[in-house]
Number of protein chains: 2
Amino acid sequence: MHRTHTCGELRIEHSGTDVTLSGWVQRRRDFGALTFIDLRDRYGITQLSFNEEIDKALNDKARSVGREFVIKVQGEVIERSNKNDKMPTGDIEIKVSKFEVLNAALTPPFTIEEETDGGEEIRLKYRYLDLRRNTIQQKLVMRSKLNKAVRDYLNDADFIDVETPYLIKSTPEGARDFVVPSRLNEGQYYALPQSPQTFKQLLMVGGLDKYYQIVKCFRDEDFRADRQPEFTQIDCEMSFVERDDVLNTFEGMIRSVFKDVKNIDLGDIPVIPYDEAIKRFGSDKPDMRFGMELVDIDDVAKGNGFGVFDKAESVVAINVTGGNQFTRKQLDAFTNWVKRPQIGALGLIYCRVNEDGTYKSSVDKFFDQEKLKLWAEKCKSEANDLIFVLSGNAESVRKQMNELRLHIGSELGLRKKDEYKACWVVDFPLVEYDEESDRWHAMHHPFTSPIPADLDKMESNPGAVKANAYDMAINGMEVGGGSIRIHDKALQKRMFDLLGFTEEEAQDQFGFLMNAFEYGAPPHGGIAFGLDRLSAILAGTESIRDVIAFPKNNMGRDIMIDAPAELNSDQKKELGMN
Amino acid sequence: MHRTHTCGELRIEHSGTDVTLSGWVQRRRDFGALTFIDLRDRYGITQLSFNEEIDKALNDKARSVGREFVIKVQGEVIERSNKNDKMPTGDIEIKVSKFEVLNAALTPPFTIEEETDGGEEIRLKYRYLDLRRNTIQQKLVMRSKLNKAVRDYLNDADFIDVETPYLIKSTPEGARDFVVPSRLNEGQYYALPQSPQTFKQLLMVGGLDKYYQIVKCFRDEDFRADRQPEFTQIDCEMSFVERDDVLNTFEGMIRSVFKDVKNIDLGDIPVIPYDEAIKRFGSDKPDMRFGMELVDIDDVAKGNGFGVFDKAESVVAINVTGGNQFTRKQLDAFTNWVKRPQIGALGLIYCRVNEDGTYKSSVDKFFDQEKLKLWAEKCKSEANDLIFVLSGNAESVRKQMNELRLHIGSELGLRKKDEYKACWVVDFPLVEYDEESDRWHAMHHPFTSPIPADLDKMESNPGAVKANAYDMAINGMEVGGGSIRIHDKALQKRMFDLLGFTEEEAQDQFGFLMNAFEYGAPPHGGIAFGLDRLSAILAGTESIRDVIAFPKNNMGRDIMIDAPAELNSDQKKELGMN
């Protein structure tokens, strides 16, 4: 037997017990005749003690081990003379009587500590060592709990966990598929799913009623920071539902997850129409932890001889509460920040609201106190606030202002790591026009239904049609999205027509789904949550790599196992490649 | 709102309630002025009633729908005059006041009934319709429950659910990998995992201590009946364990699963050494539901002038309790059965034990009553039993006898569908010699540790070394298997040497694992269960296709979506193929 207890469970009440522990040497300290080893496993750290005067051979053996050796000890639990109230096991130590090295260890290439000295590249290469760090382990434990919380909720709500296939058919829409050559069907390929979308719809046609799956999906996209070629979704679909049935069900799920995993009561989850989200925040995934909403000030900004405003399509302000404290240097820094190419603003106008009620702006030449007062009234500014103004193309200026709002929010500490605010965004546009390909593209995917009231605009004014779709954002990050689907073959055909699919293309790619709709498809809708992103948010980390056991780097490579790699010639020959 | 209740929940106590139901038309019956529709959803069937004399328009509407139309009705729950005690909802019906067709349906190509008239090919093509059959739905619901039962047990036992990557590196050992060309790393390929074996071992090196995952695995094997290119495993690994820790943990899991899913208390699970299993049953996955064990009768069979026995390596008997009832015709049928090429026996000897204690055998010419009595004593035969004897090469004859034993067990109804008997088989040979490639092959995989007592035979007599490995069989089918792993780099090297890996091959294919072993790998072991097979056993079905939502056919094709398929030329070009 390798252990009677873990390294995290012994307490003062175990004193006098004879125990066996196994684990890794976290550190060793030698003090004269005494030797102490901190023994670590997933559950915690327990101190081992050795005394040369009691057993010299044993003490010598203890002094032969280095960091990360795997050892097994037997001994008595005793009360520590020098207690450590920062460790759950800090009241006791093990007076070791038997000692065995289970496995030796080379010195690890970086320290296995909360704050390690290893860079990301080396930690990815030796991921199995990085996994030993408590901070990483706890994130994986948390993800496992999240997984369980999701399943508990959905199982209780009568959802069936159904596996859909991984070897499917390529559909050259949207992102690129990874493909898998079929050795036994030469010249033919499977594709890995970007999502189980069509299969979950077929499950609804098949009468499964409520489906969920926590499932890997694959996208062969050009790599960029924090994007993984394989990612995990909580994928769900329900029959005989309308939008609010779905929102209620998954608001319940997210509440339950936060309660189970973090013991947090998530507040109300507001439902915000897309147009309103853009108007108030310049974003369809607003961070609701703080205000500083966008204010349209066209009427008080234009027509005062300031050319920049006058020729702008849109002038937008935000009020920074207490922002008058910003120094000139800080204001310059914000200006430079918005002028960076990533944001792309041409400049940043400010207006200070002084303690005494007077105003001081960067455009005093064009706006007198009376006129600036109108700005302040529109922005509901109070003494000691500061107004920032951006102008330009309507769409760009809202995007820029969204970025500025988030940046200031971060700078002012308004985006607290331990605070969580969720919202639904609904009524997205159904389609968006793509200049380059000169056609309409689905905002979500081609199975999303228009809201019933907009059906008659599908051909006459597609851009004005709202989708019966919804996204959930938490703290400014999209965590999930879905829609009520088209369940009617005729409507699905109108949608394919709108998206420029020929009948043949539609039949070739989605024929089985359209055929299925001939045989009594129920009204249905669903949602998918990104488990990696949700895990990262709950773990309070920026990078999804932190919540993935074996992540790939930004180039899609697993540098630990060195994949992808070349095939040997036998394999290639069998697959009909040269 | 599409429904207030499901089609399975209304009872007599709901009488007088106004409800809304949605579902599929299972059947319609017209009786004079009355129309009845059985409305179906996942949860059950509820009868709807219409009366022409009360509302002619509504009744006409009801008569316009056919099988599998999706409809929504509103009405009052009333007590039925003609109750049906075979249906949970059989005491009531809905007196419909509002009626809406949500979706029309073509007549399905086969009947959506418990016993359908559709062949397998057409049911696979229209799998979304086959899924509507209660018998298929219930199997998927059961699988979902099985999934939950496994997770509940493992979560309670402190296992962490960790996802391992799907895009990994090809290892040209064992079965063939499916490979995935990397567009962004031209000429390089990922491989889909045949199992997460190395990753779960790395998780143990990483200190995760107890891991599980329910995970898809992939094997590009030549197709044969009931083999799927993608399959699901319950994959587990534990640190600081010895064999019996693993057996106890997973015996607990299997018990828990049978209790949760079938409310069955699985009896004791015996632990049978491989050699004993082969000796008693001729199989390393014995069906323990019945006896009829193999008996070696060399000593009483050989040396009596019967050349067939005399020149055979081995003579093996089984005693069929009450088998004397078999007619001559039945005996001929058994003889023909074992002579089929799939079994390959040259003949089958029998010996009847008559009521009066005399014997009648097919080899009376060589064996008199005294000698046949010795057979009967060895086989513990009683009056009215029958002994079957096979002879030949020791290995083949046990295999043939295993098949015969199972066949007779089936014929006699000893392999009851609703009875479950599990066993562990342990102490497998570590390696087996492959004549063709002239080298030793791992019976399980190259990470399986030898049992410690046999370590010194690894080089001198590899064939005699037992593996610290274990399989679980239920009702004669292997459901899981695993081993205590090698955690020591030196031993792993000896194993690779034995298997004929050059240092370069070992380093190239498993270098990351061997490197990991340098940094303090703990003793560890694990197991994987086949979820598809386990589901099929619990569902009492022969075919794993029955417990997979969207299975592939025997040629590895998904005939519903028509995959695999050819790529279009753009895709091929992007992947650097022509």
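# Chatting through a predicted model

Biologist: Let's start with B:L106. What does B:L106 touch, leaving aside residues up to four places away in sequence?
Modeller: B:L106 touches A:E518, A:Y519 and B:R67, once residues up to four places away in sequence are set aside. Keep in mind that this is a predicted model.

Biologist: Where is B:L106 found?
Modeller: B:L106 is in the loop between β5 (92–103) and α2 (120–125) of chain B.

Biologist: And why does B:L106 count as partly exposed?
Modeller: Because its relative accessibility is 42%, and partly exposed covers the range between under 20% for buried and over 50% for exposed.

Biologist: Fine. What separates the C-alpha atoms of B:L106 and B:L203?
Modeller: Their C-alpha atoms are 52 Å apart, and the two residues are 97 residues apart along the chain.

Biologist: Switching to helices. How do the axes of α13 and α14 of chain A cross?
Modeller: Helix α13 (residues 489–498) and helix α14 (residues 503–516) of chain A have axes that come within 11 Å and cross at roughly 145°. The crossing of α13(A) past α14(A) is right-handed.

Biologist: Which residues make the contact?
Modeller: From α13(A), A:K489, A:Q492, A:K493 and A:F496; from α14(A), A:E503, A:A506, A:F510 and A:M514. By class, that contact has four nonpolar, one polar and three charged residues.

Biologist: Now aromatics. How many aromatic pairs are there over all chains?
Modeller: The count comes to 57 aromatic pairs. One of them is A:F159 with A:F250, edge-to-face, at 6.0 Å centre to centre with 70° between the planes.

Biologist: Which parts of the chain does that pair link?
Modeller: Distant ones: A:F159 is in the loop between α4 (134–156) and β6 (160–161) of chain A, while A:F250 is in helix α6 (residues 243–262), 91 residues apart.

Biologist: Are A:F159 and A:F250 buried or exposed?
Modeller: A:F159 and A:F250 are both buried.

Biologist: Which residues form an aromatic cluster with A:W375?
Modeller: A:F306, A:F309, A:F366 and A:F367 form one aromatic cluster with A:W375.

How values were computed. Residues numbered from 1 in each chain as written. Chains lettered and ligands numbered in written order. Predicted model: local features only at pLDDT ≥ 70, side-chain atom pairs only at ≥ 80, totals over all residues. Heavy atoms only, no water. Axes fitted to C-alpha atoms, helices over the stretch in contact; angles between N-to-C directions. Helix = DSSP H or I, 4+ residues; strand = E, 2+ residues; numbered from the N terminus. Left-handed = near helix turned anticlockwise from the far one by under 90°. Contact = heavy atoms within 4.5 Å. Nonpolar A, V, L, I, M, F, W, Y, C, P; charged D, E, K, R; others polar. Phe/Tyr/Trp six-rings, centres within 6.5 Å; stacked < 30°, edge-to-face > 60°. Buried < 20%, exposed > 50% of the residue type's maximum accessible area, 1.4 Å probe, protein only.
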